[in-house]
Amino acid sequence: MPEVIFNGPAGRLEGRYQAGKEKNAPIAIVLHPHPRFGGTMNNQIVYKLFYMFVERGFTTLRFNFRGIGRSQGEFDHGSGELSDAASALDWVQSIHPDSKQCWVAGYSFGSWIGMQLLMRRPEIEGFFSIAPQPNSYDFSFLAPCPSSGLIIHGDKDRVAPPKDVQTLVDKLKTQKGILITQKTLEGANHFFNDHTDELIGECADYLDRRLAGELSDPRPKRLK
């Protein structure tokens, strides 16, 4: 798993990258939790999501947002971190121009950044939103949400209360042309203590079903 340094909008960004074996392998970007609360690309959930994609042949990148680890710059309350994520996707695409499909997975703060990236990049065809925080971050930009995906959270989450996540899910499920899958893990908190393996198992099952042609709108997505 190569360590990589690539250029971001506020300086160099540090990442971990694994190329898929196929020339046109799909791309996956994994985004970490809040930088001010200990979030890094080496978070256990981010790490396991990375390998979930790698094991399925994806060209996969996880990286530190600005100001974390060896990534340059300072925390920018989401705006700069979104630019970091866009630069990360640009970097992978520059190395793999034959890869047309892309997925984004984000955990907590990373899910908010990932969903914003989804709105800006029509090549992203699937997403994982893990423990999103609609009580703390504005998700109204999902109008409409352009891709099908999985929203997964715990029923004991005090950081992102289930009722707030449910409101977001219910809103997205009214939109046509996409299929939102929701999973609520019984007994799991925001950090999925003692539930990490269950979380990754649910994500892997969802990804396998999507790769088999299930759980998405049957109409092909048009790239702009």
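**Notes on the model**

1. C145 has a relative accessibility of 3% and therefore counts as buried (buried is under 20% relative accessible area, exposed over 50%, and partly exposed in between, with a 1.4 Å probe and protein chains only). Before going further, a word on the basis: this is a predicted model, in which local features need pLDDT of at least 70 and side-chain atom pairs count only at pLDDT 80 or more, while totals for chains, interfaces and linings use all residues. Residues are numbered from 1 along each chain as its sequence is written, and side-chain values use heavy atoms, with hydrogens and water left out.

2. How many disulfides does a search of the whole structure find? The search finds 0, taking a disulfide as a pair of cysteine sulfur atoms within 2.5 Å. C145 is in no disulfide, and its nearest cysteine sulfur, that of C102, is 14 Å away. C102 is buried too, at 1% relative accessibility.

3. C145 turns up again in the largest nonpolar core, where L61, F63 and C145 have the most contacts inside a set of 39 residues. Such a core is a set of buried Ala, Val, Leu, Ile, Met, Phe, Trp, Tyr and Cys residues joined through side-chain atoms within 4.5 Å. A second, separate core has 26 residues, including I45, L150, L185 and L207. As background, nonpolar side chains tend to be buried together in soluble globular proteins.

4. F63 deserves a look of its own. Leaving out residues up to four places away in sequence, F63 touches F6, L13, E14, G15, I29, V30, L31, H32, M41, D84, A85 and A88 (a contact means heavy atoms within 4.5 Å).

5. F109 is found in helix α3, residues 109-120; helices (H or I, at least four residues) and strands (E, at least two) are DSSP runs numbered from the N terminus. With a relative accessible area of 1%, F109 is buried. Beyond four places in sequence, its contacts are H32, P33, H34, P35, F65, F75, G78, E81, Q133 and Y137.

6. Which residues lie nearest the centre of the second largest pocket? They are P33, H34, F37, S108 and F191, out of 13 lining residues. The volume is about 220 Å³, and the lining has 6 nonpolar, 7 polar and no charged residues. For the terms: on a 1 Å grid over the protein atoms alone, a pocket is an open set of points where a 1.4 Å probe fits, with protein on both sides within 12 Å along at least five of seven lines, and lining residues have an atom within 4 Å of a point. Grid points are joined across faces, edges and corners, and the volume is the space filled by probe spheres set on the points. Ala, Val, Leu, Ile, Met, Phe, Trp, Tyr, Cys and Pro count as nonpolar, Asp, Glu, Lys and Arg as charged, and the others, Gly among them, as polar.

7. Please check some backbone details. The A143 to P144 peptide bond is cis, with omega near -5 degrees, and P144 sits in the loop between β6 (124-130) and β7 (148-154). A131 lies in the loop between β6 and β7; A131 has a positive phi of about 50 degrees although it is not a glycine, and is buried at 0% relative accessible area. H77, in the loop between β4 (59-63) and α2 (79-95), has a positive phi near 60 degrees, again in a residue other than glycine. H77 is exposed, at 57% relative accessibility.

8. P162 is in helix α4, residues 162-173, and is partly exposed at 25%. Its contacts beyond four places in sequence are H153, G154, D155 and D157. N189, in the loop between β8 (180-185) and α5 (196-211), touches K156 and D157 under that sequence limit. N189 is partly exposed, with a relative accessible area of 23%.

9. Finally, Y47 is found in helix α1, residues 44-54. Its relative accessible area is 37%, so Y47 is partly exposed. Apart from residues up to four places away in sequence, Y47 touches M41 and R62. Y47 and R16 are 31 residues apart in sequence, with their C-alpha atoms 9.7 Å apart in space.
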